[in-house]
Amino acid sequence: MPSFPPDFLWGVSTAAYQIEGAVHEDGRGASIWDTFSHSPGRVRDGDTGDIACDHYHRWEEDVELLAELGVGAYRFSIAWPRVRPDGAGPVNGRGLDFYDRLVDGLLVRGIVPVPTLFHWDLPQALEDAGGWLARDTAERFAEYAAVVADRLGDRVARWITLNEPIVHLAQGYAFGTHAPGRELLMDALPAAHHLLLGHGLAVRALRARGAAEVMITNNCTPVWPASDGEADVAAAAVYDGFHNRLFLDPVLRGEYPPFAAALSDAGLVRDGDLDVIATPLDALGLNYYNPTRIKAADGGPMPFETVGIEGVPQTAFGWPVVPDGLREVLTGLRDRYAGALPPIYVTENGCSTVDIPAPDGRVHDGARIDYLDGHLRALHAAITEGVDVRGYFVWSLLDNFEWAEGYSQRFGLVRVDFDTQRRTPKDSFAWLRAVLSGRR
């Protein structure tokens with residue numbers, strides 16, 4: 001394994017709805033994912049996050065796993081409906097108590113807490129009032145950020161506002177495959193503006209409370225035209241604008257990409273909004289899983305279609321495994337945004353594999369080891385080429401509730417038996433521990 005900088009931050013990531021469970025305990029309110037997962041036909045096998053990994057009760061065991069792994073940081077998310085059950089009303093102290101305990105448990109073991117404030121679990125009460133299509137939700141998000149920072153800010157220095165807003169927008173509001181299940185196609189764009197506005201307002205709220213480092217996490221993908229034909233190249237450019245630039249151009253340049261100009265034309269962008277959205281960041285979170293190959297659409301409501309990438313391995317999810325795509329996306333960000341690009345943390349990278357315990361009880365997930373090894377080498381190549389990357393977080397510590405796929409996809413370094421909640425570190429856990437201890 002190549003040598004990374006001595007102050008490089010190594011971590012793993014999780015998300016509240018995917019692992020916590022305890023959805024009805026200690027005053028937690030309902031989220032859009034509670035509603036969505038309990039709606040027939042929405043989630044594979046009718047799975048829900050009601051119990052998930054039972055992390056709410058087993059967090060100490062999970063923190064011990066982090067310590068055993070040897071990571072320096074843990075990226076988790078805070079459940080908005082656990083802190084403000086209806087999204088805007090009274091603060092639920094018992095919900096904040098849980099994150100108090102978690103943060104203290106991390107710090108006593110020398111692990112840096114890196115909380116994400118929004119990882120898709122919008123309080124259902126806010127969705128009922130319009131969700132991210134309503135400007136008011138951005139204001140409520142900033143209030144929630146302030147509440148959390150007032151409680152945890154004396155011990156938490158690094159914050160992430162939003163996780164993958166493009167995925168939440170596309171799958172939740174445009175195509176309806178995630179909560180809240182709306183199918184608005186391009187009419188979902190107002191949600192993009194309000195997510196971004198909420199981010200900017202939250203950055204200012206966190207800074208006002210002494211936050212040392214604030215970032216947003218975006219999912220980025222290299223976009224490859226399916227051919228050199230003019231139509232495919234144009235379609236790929238449109239997709240790049242939608243997936244990569246919609247949530248980066250406003251944050252880093254203070255402007256929307258051309259295809260989103262309709263937001264201003266519709267009066268959604270008010271005076272001063274873009275200044276708020278472009279409040280300078282201390283870092284950028286990047287989630288990378290795979291490139292995307294695009295061709296021009298043969299009719300239909302969108303001008304592009306995704307097509308498969310052939311000749312490469314695939315994960316259990318069917319995603320193409322292209323480690324060099326991580327280097328490509330990192331150098332592409334550097335070239336596109338130049339001096340406007342802050343330091344980067346890779347805040348998610350990982351894969352699902354078919355993880356069946358062997359007769360000896362071990363989980364031999366060699367495909368995951370190969371995946372991580374290849375991506376770390378690609379990451380090192382990007383750093384060698386001059387990209388300022390400060391850290392890397394594996395997705396994920398635990399097998400968990402994988403959104404609309406329920407429990408059918410396993411991304412964890414640790415296998416979870418969802419019937420017994422028994423945790424079993426996989427071979428990839430031991431491999432990464434050896435990497436972090438310098439034995440590889």
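Tutor: Happy to! Let's start inside: by class, 7 nonpolar, 3 polar and 1 charged residues line the second largest cavity. Keep in mind that this is a predicted model.

Student: Which residues make up the lining of the second largest cavity?

Tutor: They are T14, A15, A16, I19, E20, H55, Y74, F76, S77, Y99 and L102. β2 (73-77) gives the most, with 3 residues.

Student: What makes E20 the charged one in that lining?

Tutor: Glu belongs to the charged class together with Asp, Lys and Arg, so E20 supplies the 1 charged residue in the count.

Student: Why is that space called a cavity rather than a pocket?

Tutor: A cavity is a set of points where a 1.4 Å probe fits but cannot get out, whereas a pocket is open. The second largest cavity has a volume of about 40 Å³, and the search of the whole structure finds 2 cavities of 30 Å³ or more.

Student: What lines the largest cavity?

Tutor: Its lining includes A16, E20, R28 and D121. By class, that lining has 4 nonpolar, 2 polar and 4 charged residues.

Student: And the largest pocket, how much space does it hold?

Tutor: About 1100 Å³. Its lining has 39 residues, and V167, Q171, H243, N290 and W319 lie nearest its centre.

Student: Which residues does L184 touch, leaving aside its neighbours within four places in sequence?

Tutor: L184 is in contact with L133, Y173 and A174.

Student: How do you know that the overall size agrees with a compact globule?

Tutor: For 440 residues, a compact globule would have a radius of gyration near 22 Å; the protein has 21 Å, so the value agrees. The C-alpha atoms fill a box of roughly 60 × 55 × 45 Å along the principal axes.

Student: What share of the residues counts as buried?

Tutor: Of the 440 residues, 60% count as buried. As for the surface, the protein exposes about 16000 Å², with carbon and sulfur atoms supplying 49% of it.

Terms used:
Residues are numbered from 1 along each chain as its sequence is written. This is a predicted model: local features need pLDDT of at least 70, side-chain atom pairs count only at pLDDT 80 or more; totals for chains, interfaces and linings use all residues. Side-chain values use heavy atoms; hydrogens and water are left out. On a 1 Å grid over the protein atoms alone, a cavity is a set of points where a 1.4 Å probe fits but cannot get out, and a pocket is an open set with protein on both sides within 12 Å along at least five of seven lines; lining residues have an atom within 4 Å of a point. Grid points are joined across faces, edges and corners, and a volume is the space filled by probe spheres set on the points. The radius of gyration is taken over C-alpha atoms; the globule rule is 2.2 Å times the number of residues to the power 0.38. Buried means under 20% relative accessible area, exposed over 50%, partly exposed in between (1.4 Å probe, protein chains only). Accessible areas come from the Shrake-Rupley method with a 1.4 Å probe; for residues, only the protein chains shown count as cover. Contact means heavy atoms within 4.5 Å. Helices (H or I, at least four residues) and strands (E, at least two) are DSSP runs, numbered from the N terminus.
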